[in-house]
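Dear colleague,

Here is the structure I said I would pass on. My notes follow below it.

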Amino acid sequence: MPEDLKTTFSTWQETQDPDDLEIVVGLLEPRISYHLGRLGLGGDPLAHTQAKIYTAQAVRSYDPTKGAALPTWADRNLVQLQRSNRTRAT
């Protein structure tokens, strides 16, 4: 995990401040963009907002003692975008 992400996540863990959470989610933006692009949703503002919500939920539920890195945990949670995209399409 990049050092700036690790530091920012630690700060958020201590403060539980929504502004700190937003910074952590912002540092995971490349992951969000990757998943949106993979699904052809790169220009979809609704999908981008949903991806940020999923990422914030991943940050809140992340447990560093379980072995996965935070970016990996975020990736696993962003799989929900596929379901969300299918639901929107029907």
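**Gln16 and its loop**

Gln16 sits in the loop between α1 and α2; helices are DSSP runs of H or I with at least four residues, strands are runs of E with at least two, and both are numbered from the N terminus. The phi of Gln16 is near 55°, which is a positive value in a residue other than glycine. Most residues other than glycine have a negative phi. With a relative accessible area of 47%, Gln16 is partly exposed, where buried means under 20%, exposed means over 50% and partly exposed is in between, using a 1.4 Å probe and protein chains only.

**What the model is**

This is a predicted model, in which local features need pLDDT of at least 70, side-chain atom pairs count only at pLDDT 80 or more, and totals for chains, interfaces and linings use all residues. Residues are numbered from 1 along each chain as its sequence is written, and side-chain values use heavy atoms, with hydrogens and water left out.

**The chain as a whole**

Along the principal axes, the C-alpha atoms fill a box of roughly 40 × 25 × 20 Å.Of the 90 residues, 33% count as buried. Among contacts between residues at least 6 apart in sequence, 59% join residues at least 24 apart; a contact means heavy atoms within 4.5 Å.

**The core**

The largest nonpolar core has 20 residues, and Val24, Leu28, Leu36, Val59 and Leu70 touch the most other members. Such a core is a set of buried Ala, Val, Leu, Ile, Met, Phe, Trp, Tyr and Cys residues joined through side-chain atoms within 4.5 Å. At least two residues of this core come from each of α1 (3-15), α2 (18-27), α3 (29-38), α4 (45-61) and α5 (70-78). The most comes from α4, with five residues.

Leaving aside neighbours within four places in sequence, Leu36 is in contact with Leu41, Gly42, Ala47, His48, Ala51 and Leu81.

**Other residues to look at**

Thr8 is in helix α1 and counts as buried at 17% relative accessibility. Beyond its neighbours within four places in sequence, Thr8 is in contact with Asp20, Ile23, Val24 and Leu27.

His35 belongs to helix α3 and is also buried, at 6% relative accessibility. With neighbours within four places in sequence set aside, the contacts of His35 are Asp75, Leu78 and Leu81. His35 and Leu46 are eleven residues apart along the chain, and their C-alpha atoms are separated by 14 Å.

Asp63 is in the loop between α4 and α5, where it counts as partly exposed at 31% relative accessibility. From Asp63 to His48 the separation is 15 residues in sequence and 24 Å in space, C-alpha to C-alpha.

Regards
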